[in-house]
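Here is a short note for a colleague who is new to this structure. Please read it with the model open.

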Amino acid sequence: KITLSNFYGNEDKIIDSVFTDKQGRFKYTFGTDMHPGMYRLRFGEQQFMDLIYQHENIRFQSQVNALIDSLTFEQSHENKIYFDYLKRRNEMEYKLELIGPVIAYYPESDNFYESATEEFDETTRDFDNYLDALVKKNPDSYATRIIKSDYTPRPPRDMEPQNAINFMRAHFFDNVDFADTSLLYSNIISGKVMQYLSFYQNNRMSKDQLEVEFIKAVSKIMEVTGDTPLVYEYVMNYLIGGFESYGFERVITYIADNVNLDGSCVNSERKAELDARAKETEVL
């Protein structure tokens with residue numbers, strides 16, 4: 001049995017299911033009312049993959065015990081782009097994770113240090129060139145829009161750790177097009193918001209200190225999403241729900257006090273719902 005879920009932000013809701021035949025093959029027809037975007041296929045409890053649906057046929061094959069590594073697409077331009085990007089991004093990040101500690105701790109006077117820095121720079125340069133060519137070749141692709149938002153600017157290699165964090169806080173959202181509401185039908189926006197919060201988190205901080213830092217993060221998130229009502233509304237709901245679950249009352253109060261409901265909600269019904277939720281947090 002394979003279940004199919006659709007996305008709205010971080011939520012993937014099961015909407016249908018299909019069974020394979022004895023050879024492991026299956027076919028599913030998207031309904032005319034199904035929104036283009038990202039969908040999740042679940043194969044049992046642990047295995048899943050996210051596909052892009054943009055009114056094109058999707059034909060792929062894979063081994064369920066090596067779902068992503070063995071995945072190949074025979075049809076679907078969108079998914080070929082997307083999964084090739086994921087593969088190349090993961091390879092690049094893996095290399096940088098290996099080279100990074102060498103650069104950080106190896107004597108700079110040694111020839112191997114120079115080789116390591118050259119390899120680091122070449123790896124990032126090659127990936128940037130690949131990404132630039134991909135975007136130019138497929139400017140109108142939904143996969144490209146997700147990829148551009150996923151790609152995060154990197155701080156300079158020789159930047160001090162705290163300065164690198166400050167760089168990420170300032171530039172993390174540079175490539176995210178929050179005006180593109182179609183991204184809500186994927187998990188990219190919620191994923192970026194969660195990643196951004198991590199730049200304000202430190203395990204050595206007390207809860208009070210964390211709340212102060214998270215308020216700074218929320219203020220930035222409000223700023224970058226504020227011009228797109230539908231995205232702003234979703235992100236505020238998402239943040240309220242997340243901070244509620246961890247008991248960060250001061251952060252919730254900050255959101256309730258500063259959320260721009262009148263200028264952000266696209267109709268009176270959704271405005272009333274978000275307004276009521278914000279007022280509930282003030283009681284906490």
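1. Basis. This is a predicted model, in which local features need pLDDT of at least 70 and side-chain atom pairs count only at pLDDT 80 or more, while totals for chains, interfaces and linings use all residues. Residues are numbered from 1 along each chain as its sequence is written, and side-chain values use heavy atoms, with hydrogens and water left out.

2. Four strands form an open sheet in the order 2-1-3-4, with antiparallel pairing. Strands are DSSP runs of E, at least two residues long, and helices are runs of H or I, at least four, numbered from the N terminus. Two strands pair if DSSP finds at least two bridges between them. Strand 2 (11–18) and strand 4 are at the edges; each has a single partner strand, so one side of each lacks a neighbour in the sheet. The twist averages 30° from one strand to the next.

3. Inside the sheet. Strand 1 (residues 2–8) and strand 3 (residues 37–43) run antiparallel, joined by five bridges. L4 stands opposite L41 in strand 3. Helix 1 packs on the sheet and touches strand 3 and strand 4. Contact means heavy atoms within 4.5 Å. The direction of helix 1 makes about 130° with that of strand 4.

4. A helix pair. Helix 6 (residues 207–225) packs with helix 7 (residues 229–246) at about 170°, the axes 10 Å apart. That makes helix 6 roughly antiparallel to helix 7, a label for angles over 145 degrees. Axes are lines fitted to C-alpha atoms, for helices over the stretch in contact, and angles run from 0 to 180 degrees between N-to-C directions. Among the residues that meet are F214 and V218 in helix 6, and L239 and F243 in helix 7.

5. The core. The largest nonpolar core has 73 residues, of which M49, L239, F243 and I255 touch the most other members. Such a core is a set of buried Ala, Val, Leu, Ile, Met, Phe, Trp, Tyr and Cys residues joined through side-chain atoms within 4.5 Å. Leaving out residues up to four places away in sequence, I255 touches V218, M222, M236, L239, I240 and F243.

6. Two positive phi values. Most residues other than glycine have a negative phi. H55 has phi near 60° and lies in the loop between strand 4 (47–53) and strand 5 (59–61). S76 has phi near 110° and lies in the loop between strand 6 (72–75) and helix 1 (77–105). Which is buried and which exposed? H55 is exposed, at 58% relative accessibility; S76 is buried, at 6%. Buried means under 20% relative accessible area, exposed over 50% and partly exposed in between (1.4 Å probe, protein chains only).

Notes
Parallel < 35°, antiparallel > 145°, perpendicular 65-115°, else oblique.
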